[in-house]
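Please read them beside the model.

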Amino acid sequence: MDYLIGVDVGTTSTKAILYDSHAHVLNKFSQGYPLYRDISGMAEEDPQQIVTAVEKVIHDAASQLNFQQDRLLAVSFSSANQSLILLDDHYQPLSRAMTWADTRARSQANALKQSSAGKQIYENTGTPIHPMSPLTKLLWLKDQHSDKLNEASYIADIKSYLFYRLFNVFKVDISIASCTGMMNINTSEWDQQALDLTGIRREQLPQIVAGTTQERGLTEEAVKAMAIPADTPFVYGAFDGALSNLGVGAIKQDTVAITIGTSAGVRVITDHPVIDPQQRLFCYAVDRVLWVVGGPLNNGGDVFQWAVEHLVDASAVKNEQLDAYSLANKVIEDVPAGAHGLIFHPFLGGERAPLWNANARGSFFGLTNLHTRADMLRAVLEGINMNIATVFQAVCNLVGDPVSVTATGGFSQSAVWRQMLADVLDCPVNIPQAFESGCLGAITMAMKSLGMVDDLSAVLNFIGEKDSYQPNEENAATYHRYMPLFKSLEEVLTPAYNDIAQLQQN
């Protein structure tokens, strides 16, 4: 038999999925690693731990094959974007990997965002000015650790570093490059203005290649670690958000993909670059003919987890003989839409889209002595969804209203959350019954690279059944009344976010 392996290199774990040649899932493997954080906003990973995790999950997946009669057609990659690693002249790390979640470049991002150069760089690169961006990370390093930056011969992300370790080549796929804030989306080359701003030379950055590009000829160390043939094709793939769209079949402008896991994302694929005049949305290249437009949100399931931990009564959990999450969902279902006039802004971890403000903070508005913990739980879940809806509406304003939404992520385990999303968006929401969208998108790119399919739309043949949720008219009408207040409160509170963040840091 013929097999493919899709690998998803995430922020706290790497996953590998073994597929047959018809894209049926055969087995899954995962390996975790720590995310190092502190109060300064640091969020780093050890590159070696990630390389080891990738090698282990590929080894575990490949161990299911009998190479005397089976063929591993390809290994293809999805990965988190916007990481940054400084390398010496032998491509050895001088630092840990700064992840997308690292916010230490707050002041550099704020200064650049307020300048004319910031607007021009956003228009050239499609990357909003924010501490997550490798561009602003480099500006922070330039200001705070110039000695370390000057010592670096090369600037990598986790995928280009991984491929260097496996093949001794220094390349990056176009979608990851597009997420750096340093690639011009019109030319698909490194942007000279961004290079001049950071002081980085073009030759310090990886060569930009198509996501369908293959590498063959694994190093001896990699062959030994993974126990696969040295000539196995490894396909670069793309960043996780783009492949999540591909993996759920949201590959045309009439379908919006929403992911709600620990964080969240709203994305639509277009056939031309789309730049938001208000700089709320990103526009990243998927390949040289497709772009993904949307917004990432810091606050998703992690905020609901916080609410469950602090608002669900432990004695009630014991009495009801339910776990805390099941009880929370039951309680929320019994509260009417609008939570009796209570609004929650879910910015517990700052916020990317739509605010792009690392100092944003969460808040309840409208609390009275009549409100209960049940109301607060409902308001928290509504606030997460209304925040997603603000990004959804921004996407629709730019590219047009979708026919439907396809949503994936851990949130789908909650029936009340699935229905609430349809109500808040006032749009049908489809939930795939079985999905591994990032890895499925990755192997679809591998199939195109290998000539097994003509184009990426072939993924539609691999997607199984979906559950569909229609908006409840009464609830949708309630949320239509609440959304203007939700958004106007953002405008009122935004000037205070920097002040409260400073007080908290002190």
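1. The second largest cavity is lined by Val 9, Gly 10, Thr 11, Glu 45, Ala 80, Asn 81, Ser 83, Thr 99, Trp 100 and Ile 158. A cavity is a set of points on a 1 Å grid over the protein atoms alone where a 1.4 Å probe fits but cannot get out, and lining residues have an atom within 4 Å of a point. This lining divides into four nonpolar, five polar and one charged residue, where Asp, Glu, Lys and Arg count as charged, Ala, Val, Leu, Ile, Met, Phe, Trp, Tyr, Cys and Pro as nonpolar, and the others, Gly among them, as polar. The volume, the space filled by probe spheres set on the points, is about 70 Å³.

2. The model is predicted: local features need pLDDT of at least 70, side-chain atom pairs count only at pLDDT 80 or more, and totals for chains, interfaces and linings use all residues. Residues are numbered from 1 along each chain as its sequence is written, and side-chain values use heavy atoms, without hydrogens and water.

3. There are four cavities of 30 Å³ or more.

4. Strand β6 (residues 71-79; strands are DSSP runs of E, at least two residues) has eight of its nine residues buried, meaning under 20% relative accessible area with a 1.4 Å probe, protein chains only. Strand β1 (residues 2-9) runs parallel to β6, joined by eight bridges.

Notes:
On a 1 Å grid over the protein atoms alone, a cavity is a set of points where a 1.4 Å probe fits but cannot get out, and a pocket is an open set with protein on both sides within 12 Å along at least five of seven lines; lining residues have an atom within 4 Å of a point. Buried means under 20% relative accessible area, exposed over 50%, partly exposed in between (1.4 Å probe, protein chains only). Helices (H or I, at least four residues) and strands (E, at least two) are DSSP runs, numbered from the N terminus. Two strands pair if DSSP finds at least two bridges between them.
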